[in-house]
Amino acid sequence: MALLAMFLRGSMRCSTLTGVVPQLYKKRSLSHRLLRNIAYIVKQGDGIGPEIVTAAKRCIEATGVSIEWVDMDMGYEARQRTGTYISDEHLDAFEDIKVLFKGPLTIPPSDKDTYISIKGRRYTSGNQVFRKYFQLFANVRPAKNIAGVISPCNDVDLIVIRENTEDVYTGEEVWTDKDTVICNKRITRQASERISQYAINFAKSNSRKRVTALHKANVCKQSDGLFLSSFYKVAGEVGQGVQCDDQLADSCLTRLIQAPHEFDVLCCPNLYGDLVSDLAGGMVGSLGLCPSGNIGMQHALFEPAHGSAPDIAGKGLANPASQILSGALMLQHLCEYEAASRLQNALGEVFASGLLPVDLGGTGTTQDITNGVTNYLKMK
């Protein structure tokens, strides 16, 4: 797949995601202004990546933001061709540029050869390389009903904030004998307090009223107990004006379906956040409607919430909405607020008009949706 540098000529005023990054991180990010107006993008991606990233690129450009694209090659399919998935050069570029906009990566299960070793460490996937190496600790996944899209649940307006660096996703798995594998669940006070502070400050910065911590402290008494106590410690320090509470992760899934309007911001350890954010996608009609931002203290990565869907690759049927909306999140991060809002509104108007992709019950191709969005932007 190809990595691209995206140059935003004379338009970027800061390097924060307003509406996603709370004031605590805005202040720190503002002190690190970029000398070059650049974002960093995976253009082609694995599976449907070439189609949906090309679509998102066209839609972003249609907002009027000036962009120049420069190619670099990486990914699972690139590894099959060249033997290299991600190189030091890719990490060095992200270190310099600070913002990455990428397509989905194929992560085959149960394949020991898909581990990635780079800069002296081993990672379970290409996604984990960027998230862990650059400490992109907050995975922000909005899920909201869109007019014109039939969905199982109404009144959904959720923000899932998922701790992104630890839990069972650290890859610490050990065979103790030929029939037994032990997987370590790593929960630390520092990461738990950091994500709790992020979630609560996010709520305060975005006029959200409630933050609910998800856990299974009734069973995982030490690990989830630490996450929960860290959440309430931070809530006592910075949670004034926001309702901070908790719910068992399993019972929360039931209540989300029964009464989604009761929930606002969900603060989750890595595994529960992964699961509940996918549920939230189903609640609004498709995971293909959900963008994703991975935010660190100085770096940020934006990508679709779904996978690479190799079964429909090259057929022109892929829904580009998640990639487009992730582009809108990136534009917000680059302080292109008006362009981000116009892009979100354009996609909403296209769907409300009845032009829907195949996965949402329509007949619209990837090209049809893209043309609809770009035409709307040009008219407005």
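Strand 11 (residues 210–215) and strand 13 run parallel and pair over three bridges; strands (E, at least two residues) and helices (H or I, at least four) are DSSP runs numbered from the N terminus, and two strands pair if DSSP finds at least two bridges between them. This is a predicted model, in which local features need pLDDT of at least 70, side-chain atom pairs count only at pLDDT 80 or more, and totals for chains, interfaces and linings use all residues. Residues are numbered from 1 along each chain as its sequence is written, and side-chain values use heavy atoms, with hydrogens and water left out.

**Strand 13**

- Val211 stands opposite Val265 in strand 13.
- Strand 8 (residues 157–163) also pairs with strand 13 in the parallel sense, over four bridges, and Ile159 stands opposite Val265.
- Strand 13 (residues 265–268) is covered on both faces, with Val265 and Cys267 buried on one side and Leu266 and Cys268 buried on the other.
- Buried means under 20% relative accessible area, exposed over 50%, and partly exposed in between (1.4 Å probe, protein chains only).

**Salt bridges**

- The structure holds 16 salt bridges, each a side-chain nitrogen of Lys or Arg within 4 Å of a carboxyl oxygen of Asp or Glu.
- Asp278 and Arg141 form one, at 3.4 Å from N to O; this pair links helix 9 (residues 270–283) to strand 7 (residues 138–144), 137 residues apart.
- Asp278 is partly exposed at 35% relative accessibility, whereas Arg141 is buried at 7%.
- Lys178 and Asp179 form another, with the closest N and O atoms 3.2 Å apart.
- Lys178 is exposed at 70%, and Asp179 is exposed at 61%.
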